[in-house]
Amino acid sequence: MADEFVPEIAFSDYEDQKRINVLKAKFFEIFSSDPEYYCRAPGRVNLIGEHIDYCGYGVLPMAIDQDILIAASKNGSSKLKLYNLNDKYGAQEVECSSFEIDKASPKWYHYFLCGYKGVIEKLNAKKNCKLFGLNVLVDGSVPPCAGLSSSSALVCASSLATMMPSGCKFTKLEMAELCQHCEKYIGTEGGGMDQSISFLAQKGKAKYVEFNPIRGTDVQIPLGGSFVIANCCVEMNKAATDHFNIRVAECRLAAQVLANQINLNWRDVKRLVDVQNLLNLSLEKCLKLVERHFHITEYSKEEICAALRVTEQELDEISLGPRSRHVKTFKLRQRAEHVYSESLRVLNFKDVCNKFSSSLSGNTKDSEGDVQIDASATLKRLGDLMNLSHRSCRDDYECSCKELDDLVHHSTSSGSLGCRLTGAGWGGCCVSLVEDDQLDDFIAKMKNYYKQKGFSDSVIEMSLFVSNPGQGAAIILNK
Ligand code: ADP
Ligand code: NG1
Ligand code: MG
């Protein structure tokens, strides 16, 4: 598929006229003029492939309908005037030539600044770009800090809002690459899944997304099953905490220690995929290496330094980041086992889906002729992979929490074929695969669970919903 430009749609074609008109009216109230343009970027649900994008492995997300919608105009000044429809996110004005993105205690508008900075740097790389001020009003419907990627939706929409008045047009892939890098200004060392799917998504399709460079391939989910998202309502802000970056560091150390054990030059290795590529091994063989070369107990920093023959200071510089330098012990075997086995599950999940689509189009044959693949058995197989993925996230990667595990448990006992945490974890959402004829019963049982826990109807409404693959980011023009 050729890389397309980010689509531009007319204001009157935007699906939710009520919402965009509310945004328009509020923009007028604040800035005494109408917005010149709007941008939207969706959140996502990752169906399988958690914490492997930053190790170099492909993942399988789809966009959700919930998004960040921004109304904006050039304001002729040197100021970025950043407002939010939701009062909990206070307004902020910053000079566009002299702002800082606070990694230690990130505020909502710092995510906007990530997008602004990323685009300005990209424009400057082409030709010297004159900075411009913007009036901005943000409206978000992605549940925040819940693993559905509200942060990247905000960064992607912000970068579009900055790109738009520059007169330059970037393709979806250019925007995805740009946003993968510029979200790192907030301090998280993510792998690019969220920004990629936010730009590449197409209605009705999940995507297998690969990295370096970013590529997306359609994956058709077999008919007869639906994905249900449920939020355990424990919020986890990735940029304000160390959990996420510590896992990134553990994976980097695991790759380097493993490389060193098998006599590769560990300094050439940054990600677990590098070890696989240098040896040209299958993922199954990588798992065997992990079993053979890592002990089960934690590795101390001293042990790692001795193995790699570096001082602690060198290790800090080469392999650790500001958020992981204080850590004294690392679970290398468990993290590597999760990454290689999860990457294998992604490939299996994709193959099961592809085999089913081929069988529908009569492309799967054996010596007897066409092979009919049973839809129910296919969905069951996908569910099994999701269950295995959750176990690996919970036990080996330790990125779940009690409330989320309880919800996953309740999902399986309410009739889902499979359920797993989605996104970074330590709170937030799980995604369940449910057979369509079981859907009403499943939702009723899940609602009861929320009610028993004391959640109000309005919270339940926001926290439990069926999700179909949604559309990617777009610019909405006043035409
Ligand atoms: P997620 O899993 O949702 O991506 P993150 O911790 O990565 O969680 O990012 C959440 C942060 O994104 C919030 O703390 C907030 O700063 C920002 N954010 C999310 N939604 C909005 C919104 N509607 N308006 C402003 N900022 C938002
Ligand atoms: P969320 O939960 O959306 O913050 C993060 C990373 C992804 C990926 C997942 C775990 C960012 C922007 N996002 O997602 O790249 O690593 O965790 O699979 O860092
Ligand atoms: Mg995020």
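Student: Which residues in α11 meet which residues in α12?
Tutor: Please bear in mind that this is a predicted model. From α11, the residues in contact are Gln334, Glu337, His338, Ser341, Glu342, Arg345, Asn348, Phe349, Val352 and Phe356. Their partners in α12 are Thr378, Arg381, Leu382, Leu385, Leu388, Ser389, Ser392 and Asp396.

Student: How does that contact divide into nonpolar, polar and charged residues?
Tutor: The contact of α11 with α12 comprises 6 nonpolar, 7 polar and 5 charged residues.

Student: And at what angle do α11 and α12 pack?
Tutor: Helix α11, residues 332–360, packs against helix α12, residues 375–396, at about 170°, and the axes are 10 Å apart. With angles over 145 degrees counted as roughly antiparallel, α11 is therefore roughly antiparallel to α12. The crossing of this pair is left-handed.

Student: What about α4 and α5: how close do their axes come, and at what angle do they cross?
Tutor: The axes of α4, residues 172–182, and α5 come within 8 Å and cross at roughly 155°. These two helices are therefore roughly antiparallel to each other. Their crossing is right-handed.

Student: Which residues make that contact between α4 and α5?
Tutor: Lys172, Met175, Ala176, Cys179 and Gln180 come from α4, and they meet Gln195, Ser196, Phe199 and Leu200 of α5. By class, the contact has 5 nonpolar, 3 polar and 1 charged residues.

Student: Where does α3 stand relative to α5: parallel or oblique?
Tutor: The axes of α3, residues 150–163, and α5, residues 193–200, cross at roughly 55° and come within 9 Å. The two helices are therefore oblique to each other. The crossing of α3 and α5 is right-handed.

Student: Which residues are involved in the contact of α3 with α5?
Tutor: Ser152, Ala153, Val155 and Cys156 of α3 meet Asp194, Gln195, Ser198 and Phe199 of α5. That contact has 4 nonpolar, 3 polar and 1 charged residues.

Student: Changing topic to the ligands: how many residues surround ligand 1, and which are the closest?
Tutor: Ligand 1 is surrounded by 22 residues, the closest being Trp108, Gly140, Pro144, Ser150 and Ser151. Two or more residues of this shell come from each of α2 (108–126), β6 (134–140) and α3.

Student: Which element gives the most to that shell around ligand 1?
Tutor: Helix α3 does, with 3 residues. The shell around ligand 1 as a whole has 11 nonpolar, 10 polar and 1 charged residues.

Student: And which residues are the closest to ligand 2?
Tutor: Glu50, Ser149, Gly190, Gly423 and Ala424 are the closest, out of 18 residues that surround ligand 2. Helices α3 and α5 each supply at least two residues of this shell. Its classes are 3 nonpolar, 10 polar and 5 charged.

Student: Now the backbone. Where is the cis peptide bond?
Tutor: The bond from Asn212 to Pro213 is cis, and its omega is near -5°. Pro213 lies in the loop between β7 (206–210) and β8 (215–219).

Student: Finally, what pLDDT does the protein average?
Tutor: The average pLDDT is 96, and 97% of the residues score at least 70. For the model, ipTM is 0.99 and pTM is 0.97.

Notes: Residues are numbered from 1 along each chain as its sequence is written. Chains are lettered from A and ligands numbered from 1 in the order in which they are written. This is a predicted model: local features need pLDDT of at least 70, side-chain atom pairs count only at pLDDT 80 or more; totals for chains, interfaces and linings use all residues. Axes are lines fitted to C-alpha atoms, for helices over the stretch in contact, and angles run from 0 to 180 degrees between N-to-C directions. Helices (H or I, at least four residues) and strands (E, at least two) are DSSP runs, numbered from the N terminus. Angles under 35 degrees count as roughly parallel, over 145 as roughly antiparallel, 65 to 115 as roughly perpendicular and the rest as oblique. A crossing is left-handed if the near helix is turned anticlockwise from the far one by less than a right angle, and right-handed if clockwise. Two residues are in contact if their C-beta atoms, placed from the backbone, lie within 7 Å. Ala, Val, Leu, Ile, Met, Phe, Trp, Tyr, Cys and Pro count as nonpolar, Asp, Glu, Lys and Arg as charged, and the others, Gly among them, as polar. pLDDT is the predictor's confidence in each residue, from 0 to 100. A residue is near a molecule or strand if its C-beta atom, placed from the backbone, lies within 6 Å of it.
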